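User: I'm new to this one and would like to know how the labels get attached. Can you show it to me and take my questions?

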Amino acid sequence: MNRWVAGEEPGTRQPRGALSAPSRSWLVLCCVHGVASMLLWWARDSAVEALTWRASDWPHHAWTLWTSAWVHLNTPHLISNQLALGALVAFGWVVRPGLRCTLAWLLAWPLTQASLLLWPHIGYAVGLSGLLHAGTMVLAVQLVLDRMPVRGGRGWGGLLAMGVLTKIVLESGWSRPVVWDASNDMSVVQAAHLTGVFWGALLGLAAAWLPARRRLRPPTA
């Protein structure tokens, strides 16, 4: 007996283990990151200090697990992360991730920051880069596992994942968690890129494996 997924026309392919319908939530979250980063750039130093994650006292300032991603050290730091966020927005506009992808990215947000405690000499960490790595890996995993109805999605997802993983291997964030970037006159917490990729991949897999609800309808004559 033939069965059709609601809203699917005969002859179209539905990705295996399909997620919920495309959602605007991913683009909304990207906008939140972009706007909050810009607003915080113009905030008073006291506000920036209160929203910065520090390894020594973060349990008393738990909100910094989220807000520290919006803090940037200088103009090049802000611009580079805004450009990377713009690329993630454009990619999200094309592949239209579902709500599960957004939820996976939301969960990766504080976990990426908290995992930096694995390196005791990291005193503080700010910026969107770790979170952007997490979001990229969420999308890459979804595409590789054929969880989004994108033509050639597996290939694009594989290339995306390979590019991110190659970057992580070259950085060697596990042994070089913090490096000095002379061009931008700041330290780069490469460990945040590593933790972002780890949680993005893990939570992307979790979102892909959760059972998807399908509404079936009988075939029409």
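Analyst: Here is a predicted model, and we can go through it label by label.

User: What share of the contacts with a separation of 6 or more links residues 24 or more positions apart?

Analyst: That share is 77% in the protein chain.

User: Why is His33 called buried?

Analyst: Its relative accessible area is 1%. Buried means under 20%, so at 1% His33 gets that label. His33 sits in helix H1, residues 25–41. Leaving out residues up to four places away in sequence, it touches Trp70, Leu85, Trp105, Trp109, Leu128 and Leu131.

User: And how do you know that Ala192 is buried?

Analyst: By the cut-off again: Ala192 has 10% relative accessibility, and buried means under 20%, so Ala192 counts as buried. This residue lies in helix H8. Beyond residues up to four places away in sequence, Ala192 touches Thr112, Leu116 and Gly130.

User: What makes Ser187 partly exposed?

Analyst: Ser187 has a relative accessible area of 35%. Under 20% would be buried and over 50% exposed, so 35% puts Ser187 in between, as partly exposed. You'll find Ser187 in strand S5, residues 186–189. Apart from residues up to four places away in sequence, Ser187 touches Val178, Val179 and Trp180.

User: Where does H8 come in, and how does H5 cross it?

Analyst: Helix H5 (residues 99–114) and helix H8 (residues 190–209) have axes that come within 9 Å and cross at roughly 145°. The crossing is right-handed. Among the residues making the contact are Arg100, Ala104 and Leu107 of H5 and Ala192, Trp199 and Leu203 of H8. The contact divides into eight nonpolar, four polar and one charged.

User: Why does a charged residue get counted there?

Analyst: Arg counts as charged, and Arg100 of H5 takes part in the contact, so the count includes one charged residue.

User: Which residues touch the most other members of the largest nonpolar core?

Analyst: Those are Trp26, Trp70, Trp105 and Leu128, in a core of 31 residues. The elements giving two or more residues to this core are H1, helix H4 (75–95), H5, helix H6 (129–144) and H8. Apart from that core lies another, of 16 residues, including Trp53, Leu116, Ile122 and Val164.

User: And what does Trp26 touch?

Analyst: Its contacts include Leu88, Pro97, Trp105, Val138 and Leu139, not counting residues up to four places away in sequence.

Technical notes. Residues numbered from 1 in each chain as written. Predicted model: local features only at pLDDT ≥ 70, side-chain atom pairs only at ≥ 80, totals over all residues. Heavy atoms only, no water. Contact = heavy atoms within 4.5 Å. Helix = DSSP H or I, 4+ residues; strand = E, 2+ residues; numbered from the N terminus. Buried < 20%, exposed > 50% of the residue type's maximum accessible area, 1.4 Å probe, protein only. Axes fitted to C-alpha atoms, helices over the stretch in contact; angles between N-to-C directions. Left-handed = near helix turned anticlockwise from the far one by under 90°. Core = buried A, V, L, I, M, F, W, Y, C linked by side-chain atoms within 4.5 Å.
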